[in-house]
Amino acid sequence: MNDSDKKFGNIGSLFMFSGLNFLLVLAISLLYFTHSKHYFGELISLIIADISNFFMLSLVPFAISLVFVKTPGLLRKYISIAAYSLFTIFILYDACIYKVLKMHFNSLVINLIFTKGGLETLEFSLSLMIMTALMALSVIVIEFIIYSLSMRQPIKFPVYAVICLLCIVVVDKSIYAY
């Protein structure tokens, strides 16, 4: 165990893992911006909303991982990777569905996916199913890589980053509440 593990331990590694996953989700969220042309003001508003919403959504897998932060290594590893993998895969698939159908996951989309004949309506071929499975598998592999990187270099609690993100959330939510 090196000095940084003694200092920050599992919680520091979880901060690093969560931060890297947040950046990954922000990179995936760029798919939402490809569907149309935006004006500068609209683009700034979309970026603020994007950061705000994905920060808040990222708290769910973070909370799941935080519950298991003191459990033995393999259980903690697999639960954290599973939580973030499911979250990232959901965001990736939602972005792909949004690009095609111009709507997020909702009951209509779920009915199209799971109802007999729904996938044929969308022309969902075998090659597309294989590509979808490979996308999920690649996310899981990326999560294992991110986890191993975060275990090497734990960090202290990123106070300033969290304060900045919370300010973005407050600005975003107050704009839309107005």
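Modeller: A cavity is a set of grid points where a 1.4 Å probe fits but cannot get out. The model before us is predicted. Its largest cavity has a volume of about 70 Å³, and the structure holds 1 cavity of 30 Å³ or more.

Biologist: Which residues line the largest cavity?

Modeller: The lining consists of N10, S13, L14, F17, S65, V69, R76, S80, Y147 and M151. By class, these are 5 nonpolar, 4 polar and 1 charged. Helix 1, helix 3 (73–101) and helix 6 each contribute at least two lining residues, and the largest share, 4 residues, belongs to helix 1.

Biologist: How should I read a pocket, and what is the volume of the second largest pocket?

Modeller: A pocket, in contrast to a cavity, is an open set of points. The second largest pocket contains about 370 Å³ of space. It is lined by 16 residues, of which G19, F55, P158, V162 and L165 are the closest to its centre. Two or more lining residues come from each of helix 1 (3–28), helix 2 (40–67) and helix 7 (159–177); helix 1 gives the largest share, 5 residues. The lining comprises 13 nonpolar, 3 polar and no charged residues.

Biologist: Turning to the surface, is L134 buried or exposed?

Modeller: Exposed means over 50% relative accessible area. L134 counts as exposed because its relative accessibility is 52%. L134 lies in helix 6 (residues 126–152).

Biologist: Which nonpolar surface patch includes L134?

Modeller: L134 forms a nonpolar surface patch with L126, M129, I130, L137, V141, I145 and L149. Together they have about 750 Å² of accessible area.

Notes. Residues numbered from 1 in each chain as written. Predicted model: local features only at pLDDT ≥ 70, side-chain atom pairs only at ≥ 80, totals over all residues. Heavy atoms only, no water. Patch = residues over 30% accessible without salt bridge, like charges linked within 9 Å, V, L, I, M, F, W, Y side chains within 5 Å. Areas by Shrake-Rupley, 256 points an atom, 1.4 Å probe, with all protein chains shown as cover. Salt bridge = Lys/Arg side-chain N within 4 Å of Asp/Glu carboxyl O. Buried < 20%, exposed > 50% of the residue type's maximum accessible area, 1.4 Å probe, protein only. 1 Å grid on protein atoms, 1.4 Å probe; cavity = no way out; pocket = protein on both sides within 12 Å on 5 of 7 lines; lining within 4 Å. Points joined across faces, edges and corners; volume = space filled by probe spheres on them. Nonpolar A, V, L, I, M, F, W, Y, C, P; charged D, E, K, R; others polar.
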